[in-house]
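Visitor: I'm new here, so please pick one part and walk me through it slowly. Show me how it sits against its neighbours.

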Amino acid sequence: MDERHSVPALSQSELAAYLNRVNVSRKSLGPPSPTALQTLMHGHVSNIPFENVSVLLKEAVSLERTAVLKKIVEGRRGGCCFEQNLLMMAALRALEYNVEPVRGLMRLHLKDATAVSDRAHLLLRVDLGPDTGVWIVDVALGSLSMTAPVRTDTVMVGVSQRSPDGPRRVSRVGPPGGPVPPGRLPLLLEAQRAGATDADPWRPVYEFDLEGYFDPADMTRENAQASSFESDLATRLIVSRCGPSQARITLRNLQLTVKAATGAVLEDRTLEGALGIKEALHDRFGLDLTESDAQRLTRALVL
């Protein structure tokens, strides 16, 4: 079997369950298009939060189809990049999109602009044809999870693109006209910081190579590392989703923050222990934890 089809499309019954989970009707999508992609992505990021609860509770994080569907669709949980973007890819294939997995390298955590990243990330390449172009889709990027695709055609490289999430830009890595530095990838996704007043408001998010297919076996290995006790995700709680009017609702450890699309802080408060976490996960993110798991989660936090 061609490895590029080793992540098959959702079945029609699985697709129906997924669309119900993200509160999007099949009829509202129509044929593949940037508008349809945005509708689906917005539904996903609004209803399925990015969250690393399983990592902190030392639960197995499987990328097997049945496990992902059981956790995110049936169990109404969220997940991290590999789980969520694999689910999105399978849904897009069921909707007849030309979509492939792409390996990215995170840069959000790096202070040195020239450093080589060792944190892998899964994003999706969606080809909508010669007239509409090639786009990236990423619904599992913490508080930067995309509710709309970003175009990556050559003519768009270096150009600020309007997005419901704020301006986004795809830039080239390395000196103009020069080679890509060793260990780096050729393209860089950047996000403009809302309300930034410094000389360079662009925030580097991750590097990627549109031609660099992310093999499922490599994903499994990278996912195991990302969900291990040695991972950065095992040191803090992060839960985030898109709220009304594109506000971002984010929980980092015990700190709950709601920011408007403009960057204005609408709410910022510290939760009180396990009960506060349990209530916030239910009320703000639609996640239900038992009292025992909420207590385990609180003890696991590195505060």
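Guide: Let's start with H1 and H5, which are roughly parallel to each other because their angle falls under 35 degrees. In numbers, H1 and helix H5 (residues 65-74) pack at about 30°, and their axes are 11 Å apart. (An axis here is a line fitted to C-alpha atoms over the stretch in contact, and angles run from 0 to 180 degrees between N-to-C directions; helices are DSSP runs of H or I with at least four residues, numbered from the N terminus.) Keep in mind that this is a predicted model, where local features need pLDDT of at least 70, side-chain atom pairs count only at pLDDT 80 or more, and totals for chains, interfaces and linings use all residues. Residues are numbered from 1 along each chain as its sequence is written, and side-chain values use heavy atoms, with hydrogens and water left out.

H1 and H5 make a left-handed crossing, meaning the near helix is turned anticlockwise from the far one by less than a right angle. So who touches whom? On the H1 side, look for Glu14, Ala17, Tyr18 and Arg21; facing them on H5 are Arg65, Leu69, Ile72 and Val73. Contact, by the way, means heavy atoms within 4.5 Å. Sort this contact of H1 with H5 by class and you get 5 nonpolar, no polar and 3 charged residues. (Ala, Val, Leu, Ile, Met, Phe, Trp, Tyr, Cys and Pro count as nonpolar, Asp, Glu, Lys and Arg as charged, and the others, Gly among them, as polar.)

Now for the other neighbour, H6. The axes of helix H1 (residues 12-21) and H6 come within 10 Å and cross at roughly 120°, and H1 and H6 are therefore oblique to each other. H1 passes H6 in a left-handed crossing too. Here H1 brings Gln12, Leu15 and Tyr18, while H6 answers with Leu87, Met88, Ala91 and Ala94. The tally for H1 with H6 is 6 nonpolar, 1 polar and no charged. Spot Tyr18 again: this residue of H1 takes part in the contact with H5 and in the contact with H6.

Key. Helix = DSSP H or I, 4+ residues; strand = E, 2+ residues; numbered from the N terminus. Parallel < 35°, antiparallel > 145°, perpendicular 65-115°, else oblique.
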